[in-house]
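Here is a friendly briefing to read alongside the model. Take a look at the structure first, and then we can walk through a few of its features.

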Amino acid sequence: MSAGAALAEVSDKEPGKVQPSVINKRKLTPYLLLLPGVLWLAVFFVVPMFSLFGQSLQTGSFEEGYEQTFRFANYTEALSTYWPQFVRSFVYAGIATLLCLLIAYPLAYCIAFRSGRWKNALLVLVIAPFFTSFLIRTLAWQTILSDSGIVTTTLNTLHVTDVMRFLGLTEGDRLLATPLAVITGLTYNFLPFMTLPIYAALDRMDPRLIEAAQDLYSSPWTSFRKVTWPLSLAGVVAGTLLTFIPAAGDYINAQLLGAPAYRMIGNVIDSQFFRVLDYPTAAALSFTLMASILVLVSLYIRRAGTEELV
Amino acid sequence: MTESSPRQPGSGADLNLINVTKSFGDFVAVDDLSLTIPSGSFFALLGPSGCGKTTTLRMVAGLEEPTSGQILIGSEDVTYAKPYKRPVNTVFQSYALFPHLDIFENVAFGLRRRHVKDVKGQVEDILELTELTPLARRKPNQLSGGQQQRVALARALINRPAVLLLDEPLGALDLKLRRQMQLELKGIQNEVGLTFVHVTHDQEEAMTMADTIAVMNEGRVEQLGAPVDLYENPRTTFVANFLGQSNFFDATLSDRSAKVVTATVQGQRLGVPASRVYSPGDDVHLGVRPEKLTLSIQGDDSIPEGHNRLTGIVADSSFIGVSTEYRVEMAWGMQVTVFEQNVHHDIRIVPGASVVLSWDPANTFALDASQSVEAGIDSEVLEAVVGAPA
Amino acid sequence: MSTTTEAPSKLAVTVPPARRPRGPIRWVRAHIIQIAAAAALFYMFLPIFVVVAFSFNQPTGRYNDKWVQFSTNAWTDFCGVNGMCESLKLSLIIGLLATLASVLLGTLTAFAISRHRFRGRSGINLLIFMPMATPEVVMGSSLLALFVTLGIPRGSSTILIAHIMFCLSFVVVTVKARLASLDSRLEQAAMDLYANERTTFLRVTFPLVLPGIVAASLLAFSLSFDDFIITNFNSETTVTFPIFVWGAAQRGTPPQINVVGALMFGISLLIIAVGQIVASRRRKV
């Protein structure tokens with residue numbers, strides 16, 4: 001189940017099943033219906049990818065103009081300079097995704113099985129923050145984690161920051177401008193994307209399966225491991241994809257909550273495009289990011305097929 | 001294009017299917033079907049799932065197109081007409097009530113599309129007929145299954161179609177409600193005089209409600225007739241097994257010119273009326289229904305002259321209340337089912353007792369041995385009794 | 001031989017009755033899920049509280065990150081900040097236009113995919129999925145590359161084009177989900193009751209898909225209104241609200257930004273809550 005559907009119509013039934021129309025004689029109809037939308041995507045999504053690839057092989061400069069030279073060396077150069085940022089992006093995104101999973105799963109579980117009358121209210125609460133500008137919310141994290149704020153001073157007094165510094169998550173006495181802050185922001189931003197697909201998968205599950213497992217001598221933890229978790233896996237995978245992919249390309253959290261030492265690849269691409277004005281390098285980095293994401297997606301499709309995607 | 005004769009409101013019309021075939025790719029769902037359903041009758045299409053009955057119904061409704069053949073309503077050829085151009089209405093299996101409209105608007109839907117005057121009056125009348133008046137402004141999801149079923153019926157009936165199609169409409173109801181609705185439907189059909197075509201897999205339901213039943217199997221009609229005819233006079237093992245139950249003995253016929261033909265079963269000579277022999281060859285399945293059999297203890301003199309007799313040992317007995325079901329094992333290993341109404345309870349007839357099975361030869365029928373003895377038996381029931389296929 | 005059930009045996013008297021386990025630790029263990037869920041919700045709403053709270057702040061410096069004193073200044077002097085209201089207006093207009101276009105295109109596409117079998121279906125599914133799975137940096141930069149190559153100047157129109165593009169997929173997914181839950185037999189029933197294809201669509205299909213279309217519209221609008229990365233890449237000097245906030249993050253964050261955030265939260269909460277109530281009213285007795 002895709003998150004888009006989960007985001008908007010969470011109380012819905014089975015998606016994806018094709019119901020052929022009653023008198024389906026005109027074979028041209030689907031193509032006509034599809035035409036505008038598909039055309040738009042083709043022109044403004046697919047073609048730009050080719051543009052991007054083309055641009056990544058050019059040489060020149062902003063002042064003198066760019067020339068198509070099929071210079072694949074752009075890629076090797078860009079990667080050799082910026083591979084730390086790539087690695088950092090994937091690491092941060094990975095940690096954030098994991099944290100998201102740990103936080104979102106109990107929430108989704110609670111809404112699906114333990115909420116009774118409050119189910120719809122809780123779903124409203126999960127979705128509502130999503131509609132508030134995420135830039136503003138991230139700025140709020142700046143306030144929350146600010147050096148003189150309650151959170152920082154409390155953690156300092158409790159010496160928790162010392163532990164975190166030891167782990168390399170923070171620096172000095174600050175929480176802001178540290179990897180910790182960036183990861184916190186990333187985790188926060190994508191929580192709804194992880195919660196809703198998991199909730200949708202759990203909601204479809206028959207709760208009596210858990211009862212059956214308990215009847216057959218399994219403890220709560222074992223019931224979870226052997227019954228609930230495998231059945232919710234589809235939602236977990238969907239949530240993971242929808243969290244990890246945008247997180248890897250994010251640069252807002254890194255910019256607002258991090259520091260130059262903790263730049264992610266998104267920051268690099270942004271600065272290459274707008275400050276350094278080195279379009280080919282920027283395009284090369286962007287395309288590489290896209291390619292690595294595609295690898296992930298194709299692995300997923302190989303397992304699950306395309307019907308459940310949309 | 002033939003002119004359709006003006007119909008009186010409330011009168012049905014003859015429904016004619018002529019050589020209708022429907023295939024989905026390689027699969028033939030309906031195979032060269034020809035049927036005439038007389039106007040004003042309550043007709044049932046009976047058969048197991050997958051036999052083509054629902055497909056046939058949908059072709060009459062216009063929701064499927066036949067691959068070949070003709071469908072005539074009265075004198076009008078409607079084979080390729082769109083559903084909204086046919087004087088046919090359907091009561092769907094899942095009711096298909098419009099969830100966004102209330103009951104009144106659901107029922108009025110067809111009238112409004114036909115721009116009929118006095119919608120209000122007609123809707124109120126039919127709601128009264130189906131006892132739905134207090135629910136008129138509720139939404140479908142606020143109604144019980146039985147109430148929804150009646151709305152579906154009212155919605156179709158109100159248009160007084162030439163043919164009213166019912167696609168297993170009682171399937172989702174519990175037993176008591178189903179029985180009640182069966183009688184109600186029959187009553188309504190009598191009252192309004194429309195042609196009803198009822199599709200079902202429940203043979204008891206078909207026999208209760210219909211004037212005429214067509215038993216379908218694998219896209220074809222196996223036998224057509226009144227319920228009593230089909231039941232007492234089955235012509236194929238499928239019909240014999242699908243309607244009620246039958247016991248079959250492997251037998252060989254001789255002396256076929258006589259009024260009562262001799263059938264030899266394991267050396268025993270039994271009689272079967274010549275009018276009930278439906279087999280070209282002499283090798284037959286000799287059939288008798290369990291309720292026609294009588295059990296008596298060996299040695300008793302109570303069996304009338306001329307009755308067929310076979311001996312066996314009681315293997316099992318189940319008290320059902322109205323009757324007792326016995327399983328009697330014959331000398332050659334075959335198990336015969338017997339239903340005895342609990343009028344006199346012979347306490348000597350217990351598992352292990354040696355008994356004599358007897359019956360009036362007039363209740364016997366003989367069917368072509370080339371047909372499968374298991375045709376028409378629910379495969380799940382078969383597995384439970386005989387064991388899963390190897 | 002008759003057997004009567006004996007009265008509760010002497011055994012019950014000698015074995016002490018089992019005690020129902022109690023205690024605070026037990027309570028925590030039994031409710032661990034609810035506690036975790038509450039913590040998660042707290043985590044989700046903490047920034048929202050801060051946003052709303054600090055909209056009532058009167059900062060002394062350029063940045064609104066320390067509580068100074070309570071003041072409703074930001075609310076009363078809403079457009080007092082240079083350029084904010086203009087950027088809001090632009091975001092609203094682009095949002096509405098993008099919603100209109102993407103809902104139209106997306107609904108048509110959703111109908112095509114849901115209702116028809118055709119060749120290339122899996123390819124189309126993939127095409128629709130990809131924008132949802134592509135990082136915004138990549139989508140933004142690739143569109144920029146296209147516009148630069150074609151020599152198209154970046155501004156409101158390029159922003160609009162980009163927004164329609166990425167909203168499309170979400171609309172398709174949302175409407176498709178709604179269509180999937182629509183029983184096709186309802187349309188068959190309508191035709192059985194003398195409604196032709198057009199009437200069936202208008203009177204049965206469309207009213208039943210409408211909630212999905214409404215949900216898709218809300219989703220598309222908020223995605224468009226809130227978008228930063230793709231917009232930033234394709235806007236040059238045009239300023240939408242998110243771009244304004246981004247600039248403010250460097251220059252100085254006035255509390256009016258928090259006011260907008262609080263309003264956005266309040267309005268969307270209201271809309272969703274109303275939607276839920278309407279939906280549940282349709283299901284209740």
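**Where chain A meets chain C**

In this predicted model, A:P30, A:L33, A:L34, A:P36, A:G37, A:V38 and A:W40 of α2(A) are in contact with C:L105, C:G106, C:L108, C:T109, C:F111 and C:A112 of α5(C) (C-beta atoms, placed from the backbone, within 7 Å). Of the residues in this contact, 10 are nonpolar, 3 polar and none charged (Ala, Val, Leu, Ile, Met, Phe, Trp, Tyr, Cys and Pro count as nonpolar, Asp, Glu, Lys and Arg as charged, and the others, Gly among them, as polar).

**Helix geometry**

- Helix α2 (residues 29-56) of chain A and helix α5 (residues 84-115) of chain C have axes that come within 8 Å and cross at roughly 135°.

**A:F90**

- A:F90 sits in helix α3 (residues 73-113) of chain A.
- A:F90 is partly exposed because 17 other C-beta atoms lie within 10 Å (20 or more would be buried, 12 or fewer exposed).
- The C-alpha atoms of A:F90 and A:A248 are 5.6 Å apart, although 158 residues separate them along the chain.

**Confidence in chain B**

- Over residues 1-10 of chain B, pLDDT stays under 50, and the model has 14 contacts beyond four places in sequence for them.

**Reading notes**

- Residues are numbered from 1 along each chain as its sequence is written, and chains are lettered from A and ligands numbered from 1 in the order in which they are written.
- Local features need pLDDT of at least 70, side-chain atom pairs count only at pLDDT 80 or more, and totals for chains, interfaces and linings use all residues.

Technical notes
Helices (H or I, at least four residues) and strands (E, at least two) are DSSP runs, numbered from the N terminus. Axes are lines fitted to C-alpha atoms, for helices over the stretch in contact, and angles run from 0 to 180 degrees between N-to-C directions. Two residues are in contact if their C-beta atoms, placed from the backbone, lie within 7 Å. pLDDT is the predictor's confidence in each residue, from 0 to 100.
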